[in-house]
Amino acid sequence: EVRGTVYPGKLRLKEDEFMYKNEKTGKVDHFSRSDIESAQWIVRATGLGLSIKLKNNSLHRYDGFGEIEAEKVGSFFKKYFDVEVVKRELSYKGYNWGDVDFDGNSNFDYLLIKVMSSSFQLKMLWLFEVPLSNVANATLNKNEIIFEFHLNDEAEICLSEMRLYTPGTEADREGKAPIIYSKVTQKADIIQVTGDFLIEFKQLQCLQPRGRYDVKLYPSFIHLHGKSFDFKVPKNT
């Protein structure tokens, strides 16, 4: 799975290595058993998805496994890779709120949203995750963080924007928004403003995003600077 698109491919498992070849792009995922830190099954509408985390903190996801295939893969991982493939507990409640985590260590690459399963179980369940390499831009506006994502032209449906609101208190009116924004911008694949712009238009009235913006044209992207928000639009989109 790459930015919302699942590509067909072939999986090959050997006693000391894992190999997957993308049949469309020809790209090969190849790593040894010593590279694998953990593995999880994720229950999806199309079957079971296999999520593999490597020791370099990268994450690889493969979809479309049936129950029989999953059992064979799980047995192989346990026997030859000494890795137990566990089922990740998900939240199906449809909540639009939760707690933010950054993959549990300092070398994070994913923003995780988790929710409490119930007041009795007191267990945090995984709601969804955001690969920070997919984030093209992030904007902080008081208690709100706006994420814009790199788009995949081959995907039928793309997530282009997501907003997180962090409630504040009397002592801390902005809540956790500045902390989340700071961590995201450390790892996100954000377009950096470098060099001189080609031309600038002052205070253009825009319908979407709504408002007045100073528009600067760069060789590889368009920069919109407004009173509250900044947007960077890659040229190839």
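Helices (H or I, at least four residues) and strands (E, at least two) are DSSP runs, numbered from the N terminus. The model is predicted: local features need pLDDT of at least 70, side-chain atom pairs count only at pLDDT 80 or more, and totals for chains, interfaces and linings use all residues. Residue numbers start from 1 along each chain as its sequence is written, and side-chain values use heavy atoms, with hydrogens and water left out.

View 1. The chain has 237 residues, and 38% of them are buried. Buried means under 20% relative accessible area, exposed over 50%, and partly exposed in between (1.4 Å probe, protein chains only). The accessible surface comes to about 15,100 Å². Carbon and sulfur atoms account for 51% of that surface. Areas come from the Shrake-Rupley method with a 1.4 Å probe; for residues, only the protein chains shown count as cover. Of the contacts between residues at least 6 apart in sequence, 39% join residues at least 24 apart. A contact means heavy atoms within 4.5 Å.

View 2. Two strands pair if DSSP finds at least two bridges between them. β1 and β2 (residues 17-22) are antiparallel and share 6 bridges. Leu 13 stands opposite Phe 18 of β2. β2 then pairs with β3 (residues 28-32), again antiparallel, over 5 bridges. Glu 17 has Ser 32 in β3 as its bridge partner.

**View 3. Lys 14 lies in strand β1 (residues 9-14).** Lys 14 is called partly exposed because its relative accessible area is 39%. Not counting residues up to four places away in sequence, Lys 14 touches Phe 76 and Phe 81. Tyr 80 is 66 residues away along the chain, yet its C-alpha atom is 8.3 Å from that of Lys 14.

**View 4. β5 and β6 form a hairpin with 4 residues between the strands.** β5 (residues 47-54) and β6 (residues 59-65) pair in the antiparallel sense over 5 bridges. Ile 52 has His 60 in β6 as its bridge partner. Asn 57 takes a positive phi near 80° in this hairpin.

**View 5. Three strands make an open antiparallel sheet in the order β11-β12-β13.** β11 (135-141) and β13 (161-165) are the edge strands, each pairing on one side only. From one strand to the next, the twist averages 15°. β11 and β12 (residues 144-149) run antiparallel, joined by 6 bridges. Ala 138 has Phe 147 in β12 as its bridge partner. Helix α2 (residues 177-187) packs on the sheet and touches β11 and β12. The directions of α2 and β11 make about 160°. Axes are lines fitted to C-alpha atoms, for helices over the stretch in contact, and angles run from 0 to 180 degrees between N-to-C directions.

**View 6. Leu 198, Ile 199, Phe 201 and Leu 204 make a nonpolar surface patch of about 350 Å².** Patches are made of residues with over 30% relative accessible area and no salt bridge; like charges are joined within 9 Å, nonpolar side chains (Val, Leu, Ile, Met, Phe, Trp, Tyr) within 5 Å. A salt bridge is a side-chain nitrogen of Lys or Arg within 4 Å of a carboxyl oxygen of Asp or Glu. Leu 198 sits in the loop between α2 and β14 (199-206). Leu 198 counts as exposed because its relative accessible area is 61%.
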